[in-house]
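User: Hi! I'm new to reading protein models and would like to know where the labels come from. Could you go through one with me?

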Amino acid sequence: MDMTTNFYSAWIAGFTVCASLIVSIGAQNLYVLRQAVQGEHVKACVALCVLSDGLLVALGVAGMAQMLARYPALAQYLTLGGAAFLLAYGLFALRRMWLAPDAAMEAGERRAAPRGMMSVLAALAAITLLNPHVYLDTVLLMGSIGAQQEGAGRWSYVIGAASASCLWFVLLAMAGRRLKHLFANPGAWRVMDGITGVMMLCLAWWVASSALGMEI
């Protein structure tokens with residue numbers, strides 16, 4: 001009975017913590033939403049996101065969180081690298097918005113030349129693994145909490161986190177499909193790219209400032 005109670009309590013803890021962290025507007029969520037709206041390899045994107053979250057939480061539970069805490073220089077390098085990636089991603093989104101004077105033509109090109117699965121997943125993997133928030137949230141924070149669970153409860157915690165991730169990305173994919181009619185208007189893509197670019201630049205500044213010890 002105690003083992004069963006511990007299993008479910010750990011699962012609930014993992015599900016709750018992951019759900020509270022993952023429900024936010026970030027690069028990964030915007031990318032999955034974009035793919036869902038375009039209808040390109042959505043199931044593969046959802047599967048990769050869930051697998052990445054589960055694996056990173058498991059690494060944190062297994063000891064990576066303690067390693068990053070023990071070697072702050074490594075965490076700083078990861079953070080600076082992530083800031084550089086966010087900067088590049090934001091500039092690319094703004095460039096895509098700025099250099100699309102004929103938005104209708106751009107939308108037609110999207111329909112005519114869909115990307116291959118490996119290209120889509122490679123970009124998603126970069127967005128996921130080069131984002132410093134992934135390591136701060138899933139590895140450090142969630143991993144540290146999960147490491148405090150007892151025995152098999154640690155892996156029940158990981159399963160709970162993966163369950164929350166799966167639920168979220170499935171809902172996000174469903175929302176993207178329902179928004180297809182909105183993005184039939186080519187101008188909506190430019191608005192989305194503009195919001196994405198500005199948000200990524202702000203995140204890049206915030207992350208770099210925190211890594212360099214600057215006051216925000």
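Analyst: Over residues 115-135 the chain is 81% helix and 0% strand, with end C-alpha atoms 28 Å apart. Helices here are DSSP runs of H or I with at least four residues, strands are E runs of at least two, and both are numbered from the N terminus. This is a predicted model, where local features need pLDDT of at least 70, side-chain atom pairs count only at pLDDT 80 or more, and totals for chains, interfaces and linings use all residues. Residues are numbered from 1 along each chain as its sequence is written, and side-chain values use heavy atoms, leaving out hydrogens and water.

User: Why are α2 and α6 called roughly antiparallel?

Analyst: Look at the angle: the axes of α2 (residues 27-38) and α6 (residues 117-129) cross at roughly 160° and come within 9 Å. Axes are lines fitted to C-alpha atoms, for helices over the stretch in contact, and angles run from 0 to 180 degrees between N-to-C directions. Under 35 degrees counts as roughly parallel, over 145 as roughly antiparallel, 65 to 115 as roughly perpendicular and the rest as oblique. So α2 and α6 are roughly antiparallel.

User: Which residues of α2 and α6 meet?

Analyst: A27, Q28, Y31, V32 and Q35 in α2 meet V120, A123, L124, I127 and T128 in α6. The test is contact, meaning heavy atoms within 4.5 Å.

User: How do you know whether H41 is buried, partly exposed or exposed?

Analyst: Buried means under 20% relative accessible area, exposed means over 50%, and partly exposed is in between (1.4 Å probe, protein chains only). H41 has 27% relative accessibility, so it counts as partly exposed. H41 is in the loop between α2 and α3 (42-70).

User: What is the phi of H41?

Analyst: Near 50°, a positive value in a residue other than glycine. Most residues other than glycine have a negative phi.

User: And what makes V23 buried, partly exposed or exposed?

Analyst: V23 has a relative accessible area of 48%, so V23 is partly exposed too. V23 sits in the loop between α1 (2-22) and α2. V23 and W168 are 145 residues apart in sequence, yet 7.4 Å apart in space, C-alpha to C-alpha.
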